[in-house]
Amino acid sequence: MADGRLLILDDDVMTGQTMQSIAEFAGLEVRSTTLPDTFFTEVAQWQPDVIALDLVMPGMDGVEVMNALAARGCQARIIITSGVGTRVLEAAARSAGEHGLDIVGILAKPFLPAALRELLTQALRTDRGAGRPRGRPAPNATRGDLTAADLDLAMERDELFVMYQPKLHCQSGALAGFEVLARWQHPEQGLIPPDRFIPLAERSGRMDALTRIVFAKALDWFAALRNDAGAANVPVLSPQTVANLTVSVNVSAMSLASVELFDWLESRCAECGVTPDRLILELTETSAMDDPVASLDIMTRLRMKGFQLSIDDFGTGYSSMLQLVRLPFSEIKVDKSFVLTATQSGESRSVVRSVVDLGRSLGLKSTAEGVEDAETMSFLRQIGCDLVQGYHIARPMAGSDVVPWARNHDATRESLRLEALRALNVLDTPEESRFDRLTRLAQRLFRTPIALVSLVDADRQWFKSHAGLAVRETPRDTSFCAFAIEDEDEDVTVVPDARLDARFQNNPLVTEAPGIRFYAGCPLRTAGGSAVGTLCVIDTVPRTFSKEERALLIDLAALVEKELNDHHKAITDPLTGVLNRHGFEGRAADAVRLAERLGQPATLLFIDLNDLKAINDRFGHAEGDRALSAFSDMLQGTFRESDLIARIGGDEFVALMIDAAEDEAMRVRLRLDQALAAYNAQDSVSYRLGAAVGIATLQPGQQKDLQALLAEADALMYRDKPD
Ligand code: C2E
Ligand code: CA
Ligand code: CA
């Protein structure tokens, strides 16, 4: 295609970028903007040959822009783009023509790259921008004198090799896998980057041969890694780490149709003992979209063989969501041009965020590549990107460097994790009701005999709360929880029957007491992303765990995480040891929400200790304090451990019960009266303690907030006061 200048006005950054890369690829010089002001400046000063104009932009009238262009005597040829119906666009084009503008054609969105290329060719065919010499060489011309024969020789002499670039799980920083990148060690020219020989291989029909070499090398390396992981006394990665690793290989668009290549790959995988689901085939966005119908066929077949498919360089080609939904991808890779500029550019951040969101809504893993600094990394963590790759983590490395690198990476990560755990200041502290409450709740909601808050320390797991289990710690190497915090593929690790699970069937916790059969554990993370332990439920009989139960465990774990990050002192009433008002409010809203989700009632009791003032006046404040502590003990003995109990004022207490209706609350009230009577009967007590109680219940589906519930219970409590 002839050289020329293309100016794009489009309010959608992604579309602008897409058109820009297609046009640049075709050899044009391109500028793109979303702003009409910038656009007009560029039209006047840069004098583009072709303009691609989005007619329908928010806050701007496309017809007005055309009129303004006509008024300025714009000589550029114009391509009209838009998402509205072609009939509207045609009408607009006619009107523009009547204004004296030179309309090349209409590009209705969504468009295929080929359609844009075609229009650009047309626009540049007639030599209207004459007199403006542009003698740039096409950017994709191969430099040097590399020829297809060189490439043949290189393959013959085994000069091609591969490098591996790690990919990490974004939240935890755990190793997820590697992308395989081809290199050519040329005897005279030295190291040749793929940008110089991949296009050559593609042009000269050697791409399949090259791809085979890459696959063969990567598979041999990967199979060795997996075998070594099982071997004793070899300094390797743990079998668990290696079992979950993936290897990503770039597959050129033209290889996609090669049935022989993938049949070969499938049998090669079988020979190496690598299941196809460990392999991710990366296809560039543009290649996959060029002929979506044919691609759908081929890709579906590949997915059926078990391979994962990734859409590479996403954001640079053009894909309509519809096409993306239809094609069976398992991963979406945000193009590095957006990731590289994420810290400086708000627009780039928007693109990255929307690609990650898009991936999430389609159930695809999102990967950001080109992560070069910690700031980008934390941005990606914030927006919930799944995987990251880039120089900040590691540059592509030789296969032999991978194990040492990964071991070092693991060691660093573990020491950061332990540091984060220590910083919580909870290890080896006494039991606390704020944690016990949640394990009791888990025990009850899941009907399991055991529920634990387990913290995974350097070489033990230590239980901050241990409902239904007497021991306080067990060794790390046999711990299910230590396993669960490493399990990156699942947000909840579920073992339906440990005796049928090769990973656990010989575990002493399974073969001996407590005889674990069923386990479900959800990692507990610090703000920095380190998994410090789990909330887990355990049974001694096999069980299944439904999707709803998973979601519930995740919710409860979030409440445990909150407790871990909260400071005991700030939320506890120092005199009575129960929650203070602040502590109550922070938790009650979560509890009410949880009850709502479970479709269960929540009941609030407002409890006033009568005559505290009189006791203080007659017997002094020390005696008043004793009365308060005694009363608080009675409350804790009366309510269920899973209930929230708080002292919210001088003589005011509240208790919130999840999945308990008014009758349950009435029973509690009776027990409280009995406890008070027993207290008053003591000889050492020279006054009588009494309580006024108001009970308000929130039925599921009732739109009532916590404040309303409190006010209601408070009012009822006053009626309960002795005159
Ligand atoms: P790609 O698939 O997008 O691969 C990622 C490229 O980004 C790699 O360049 C990698 O080294 C680079 N990269 C990774 N992290 C960063 C970062 O933080 N900053 C920056 N600036 N760059 C980063 P590489 O190895 O030069 O590969 C270039 C392209 O060549 C690849 O882009 C891929 O399209 C192609 N390619 C490489 N190997 C093969 C192959 O075996 N087959 C095919 N068909 N294409 C390949
Ligand atoms: Ca790639
Ligand atoms: Ca890429």
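1. A word on terms comes before the sites: a residue is called buried under 20% relative accessible area, exposed over 50%, and partly exposed in between, with a 1.4 Å probe and protein chains only. This is a predicted model, in which local features need pLDDT of at least 70 and side-chain atom pairs count only at pLDDT 80 or more, whereas totals for chains, interfaces and linings use all residues. Residues are numbered from 1 along each chain as its sequence is written, chains are lettered from A and ligands numbered from 1 in the order in which they are written, and side-chain values use heavy atoms, with hydrogens and water left out.

2. Asp312 is the residue to look at first, since it is buried, with a relative accessible area of 5%, and it bridges the calcium ion (ligand 3) and the calcium ion (ligand 2), which lie 3.9 Å apart. Donors here are N, O and S atoms within 2.8 Å of the metal (3.2 Å for Na, K and Ca), and sites may look incomplete because water is not among the atoms.

3. The calcium ion (ligand 2) is coordinated at 2.1 to 2.4 Å by Glu179 (OE), Asn250 (OD1), Glu282 (OE) and Asp312 (OD), and the spacing of these donor residues in sequence is E-x70-N-x31-E-x29-D. Asn250 belongs to strand β11 (residues 246–250) and Asp312 to strand β13, so the pair ties together parts that are 62 residues apart in sequence; helices (H or I, at least four residues) and strands (E, at least two) are DSSP runs, numbered from the N terminus.

4. Ligand 1 has 23 residues around it, of which Ala182, Arg183, Asn250, Glu372 and Tyr391 come nearest; a residue is near if one of its heavy atoms lies within 4 Å of the molecule or strand. Polar contacts are pairs of N or O atoms within 3.5 Å; within protein, one must be able to donate a hydrogen and the other to accept it, and residues adjacent in sequence count only if both atoms are side-chain atoms. A polar backbone atom of Ala182 is 3.0 Å from a nitrogen atom of the ligand, while oxygen atoms of ligand 1 lie 3.4 Å from a polar side-chain atom of Asp313 and 3.3 Å from a side-chain N or O atom of Glu369. Taken alone, ligand 1 exposes 800 Å², of which the protein buries 86%, the areas coming from the Shrake-Rupley method with a 1.4 Å probe, where for residues only the protein chains shown count as cover.

5. Which element gives the most to the shell around ligand 1? Strand β9 does, with four residues.

6. The disulfide count comes to zero, a disulfide being a pair of cysteine sulfur atoms within 2.5 Å. The sulfur of Cys269 is 6.9 Å from the closest cysteine sulfur, in Cys272, which is too far for a bond, and Cys385 is in no disulfide, with the nearest cysteine sulfur, that of Cys170, 5.1 Å away. Cys269 is buried at 1% relative accessibility, and Cys385 is buried with a relative accessible area of 1%.
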